[in-house]
Amino acid sequence: MEFRIADTFTDSLARLTGQEQKAVKTTAFDLQMDPTSNGLSFHKLDRAKDSNFWSVRVNADIRIIIHRTAASILLVYVDHHDDAYKWAERRKIERHPTTGAMQLVEVRERVEEVEIFKPKEVAAPTPAAEPAAKLFDNLRKFELMAFGVPEEWVNDVRAATEDTLFDIILHLPQEAQEALLKLAVGEKPAPPTPAPADPFAHPDAQRRFRVLTNAEELKQALDYPWDKWAVFLHPAQADLVERSFTGPARVSGSAGTGKTIVALHRAVHLARINPEATVLLTTFSKALANSLRVKLASLVGGEPAIAARIVVKAISAVGYDLYSERFGQPQIAAPAVIRSLITKAASEVEGHRFSAHFLVGEWEEVVDAWQLRSWDDYRDVSRLGRKTRIGGKQREALWAIFERVRAGLVERRVVTWYDVFGRLTESMTVKGDRPYAFAVIDEAQDLGVAEARFFAAMAAGQNDGLFFAGDLGQRIFQQPFSWKALGLDVRGRSHTLRINYRTSHQIRLHADRLLPSTVSDVDGNTEGRRGTVSMFDGPPPMVVACTDADHECRIVGKWIKDRLQEGCAPSEVGVFVRSDAELKRARAAVKAAGARAIELNDKVEVEDGAVAISTMHFAKGLEFRSVVVMACDDDVIPQSDRIESVADDADLEEVYNTERHLLYVACTRARDHLLVTGITPVSEFVDDFLKGT
């Protein structure tokens with residue numbers, strides 16, 4: 001007998017108290033071990049529309065709803081007695097007659113007419129308005145059913161307008177929701193998947209129903225009910241996790257589309273199908289690596305053999321540890337030391353007119369990044385992305401400066417981070433001693449040149465060796481460069497996720513206005529935001545231009561206080577600012593709300609009972625129910641100091657791009673509520689954020 005669990009069960013379990021959850025888990029384990037046990041109390045639900053619905057008694061008040069046949073038991077829902085019965089009486093599990101996927105269908109009853117299409121109250125009679133346009137009135141019944149719409153909901157869908165769409169799709173299976181949302185924004189949904197013989201084997205069914213073959217799998221599903229991603233995957237995600245690639249592969253998508261989830265599952269999948277291999281799961285910061293480590297524990301906590309072969313580290317830690325093992329502990333040169341060496345070298349070389357800012361940029365983005373060690377290397381380098389042209393004589397003068405900088409580093413026995421990865425790459429190329437069989441890299445858009453070359457050498461020629469997850473629209477650290485030139489050609493193996501689970505339709509729509517509809521990398525790979533849809537509705541984001549810092553403090557303080565009074569936990573609120581200089585404004589606002597603040601960094605994470613505050617750089621990888629993006633003043637974002645110090649035309653464009661990306665990252669941390677504030681005059685980016693409103 002097959003034992004399955006539905007995503008509705010994990011959702012409902014998460015809403016119970018800790019003590020109630022413990023009792024439910026005990027009963028669920030008993031049910032899995034012996035569904036015919038005399039100790040289990042079954043009751044057939046006579047009023048349910050589905051004759052296979054039964055309840056199982058947990059205690060005097062809690063009931064598990066199961067779908068029971070001769071061949072299987074499916075955990076469907078759990079709640080207090082009356083609520084559990086009421087839920088079951090309005091649902092049924094059936095095979096969709098067109099798609100062939102097993103669905104959990106909400107029964108359409110006449111009483112729902114009032115619930116779904118409740119008229120809005122008005123203060124006084126108003127002139128009759130034109131009836132709202134029906135979004136899907138041009139589609140016939142069989143066309144809508146081909147997208148997974150249950151037959152009894154077809155008429156409601158055909159009557160849907162822009163105002164009622166989100167009310168209706170809440171009652172539909174997820175594949176139907178996604179298709180209708182794509183149609184509503186002018187996109188064409190993917191063609192239906194051919195129907196398999198087993199309705200539970202259909203990809204759309206597997207996103208909501210999962211077979212649990214042993215007690216360990218059930219424990220995983222029940223121990224982490226809030227992490228639904230650990231048990232259920234969207235078909236597009238599952239395909240990328242399990243697909244075999246003949247070279248480096250990349251998954252992209254805007255914020256909230258599940259790239260990190262795919263990366264986690266991909267690492268686990270590679271470890272499972274390669275029992276002797278070690279898999280590296282890495283990202284650009286320690287904070288994000290810690291987050292990945294926690295998520296991985298929830299995914300493979302019951303499989304210690306798998307967990308032991310997945311190494312989770314920040315990219316810098318990967319380089320530092322490997323370098324220490326092979327060449328001794330590296331002494332990393334501080335940025336101030338490098339700037340001092342550049343200044344000193346520039347003073348010793350006559351005949352150049354380059355500014356200190358230009359020299360630092362040329363060192364960081366060309367000489368050090370590409371690990372140029374000789375005059376020939378520097379003479380022939382393309383200087384991609386650097387628009388200030390320099391002739392042969394100028395290059396000679398520049399190399400004379402950088403040659404002195406290299407000598408100064410050697411004299412001080414220090415290295416740069418790029419030196420670390422450069423030497424490791426040389427070692428792997430010569431000796432072939434690759435430390436990991438596979439690498440999965442999250443937030444890959446922020447990879448540097450030497451790091452990318454390191455990964456290319458590590459997985460050279462190996463199928464499935466490298467899997468990247470990232471979003472070009474969230475690149476905030478690195479200058480663009482050619483991956484292909486380093487041996488990382490992802491053309492034909494690059495895929496975009498377009499279903500947003502984290503951010504409401506309204507917040508995503510506004511945030512996307514901060515970026516172009518299509519972003520391209522140096523190699524011509526494009527990532528588009530068109531066609532991305534959010535799976536839930538919410539209030540529109542608020543933007544307030546304040547007269548001064550005190551006014552902003554009062555506005556933000558009251559807004560946070562309102563969210564807390566509505567039931568939002570302090571740890572579900574985040575406040576982000578552009579830089580350390582604006583953190584005091586965030587602290588004052590949280591204090592005005594009567595809440596406690598905790599400042600996030602590489603070592604400090606979100607804490608229960610405290611509102612998180614940080615700069616936008618530390619927002620990456622986080623999510624909150626409610627977010628405030630403060631201090632969006634005209635001279636704060638884009639940051640005036642960065643603009644004023646620009647010495648290269650390319651730098652100016654890059655400053656504007658990364659500043660936009662920062663604001664986009666901060667805004668897309670919000671799930672339900674977003675407030676953007678600044679002191680008049682506010683940032684020019686805020687105008688883009690408000691376009692169309």
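Predicted model: local features only at pLDDT ≥ 70, side-chain atom pairs only at ≥ 80, totals over all residues.
Colleague: Why are α17 and α19 called roughly perpendicular to each other?

Modeller: The axes of helix α17 (residues 356-367) and helix α19 (residues 392-412) cross at roughly 70°. The range for roughly perpendicular is 65 to 115 degrees, and α17 and α19 are therefore described in that way. Their axes come within 11 Å.

Colleague: Which residues make the contact of α17 with α19?

Modeller: From α17 come F358, L359, E362, W363 and V367, and from α19 come L398, W399, I401, F402, V405, R406 and L409. By class, this contact has 10 nonpolar, no polar and 2 charged residues.

Colleague: What makes α15 and α20 oblique to each other?

Modeller: Helix α15 (residues 315-327) and helix α20 (residues 417-431) have axes that cross at roughly 60° and come within 10 Å. Roughly parallel requires an angle under 35 degrees, and roughly perpendicular begins at 65. The pair is therefore oblique. The crossing in which α15 passes α20 is left-handed.

Colleague: Which residues of α15 and α20 meet?

Modeller: In α15 they are I315, S316, G319, Y320, L322, Y323, R326 and F327; in α20 they are W417, V420, F421, R423, L424, S427 and M428. The classes in this contact are 10 nonpolar, 3 polar and 2 charged.

Colleague: Which residues bring α12 and α13 into contact?

Modeller: T260, L264, H265, V268 and R272 of α12 meet L292, K295, L296, L299 and V300 of α13. They divide into 6 nonpolar, 2 polar and 2 charged residues.

Colleague: What is the volume of the second largest pocket, and which residues are closest to its centre?

Modeller: The volume is about 890 Å³. Of the 38 lining residues, R210, V231, E242, H265 and R272 are the closest to the centre. The elements that give two or more residues to the lining include α12 (259-273) and α13 (286-300), along with β1 (2-6) and α10 (215-223).

Colleague: How do the lining residues of the second largest pocket divide by class?

Modeller: The lining has 17 nonpolar, 9 polar and 12 charged residues.

Definitions and conventions:
Residues numbered from 1 in each chain as written. Heavy atoms only, no water. 1 Å grid on protein atoms, 1.4 Å probe; cavity = no way out; pocket = protein on both sides within 12 Å on 5 of 7 lines; lining within 4 Å. Points joined across faces, edges and corners; volume = space filled by probe spheres on them. Helix = DSSP H or I, 4+ residues; strand = E, 2+ residues; numbered from the N terminus. Nonpolar A, V, L, I, M, F, W, Y, C, P; charged D, E, K, R; others polar. Contact = heavy atoms within 4.5 Å. Axes fitted to C-alpha atoms, helices over the stretch in contact; angles between N-to-C directions. Parallel < 35°, antiparallel > 145°, perpendicular 65-115°, else oblique. Left-handed = near helix turned anticlockwise from the far one by under 90°.
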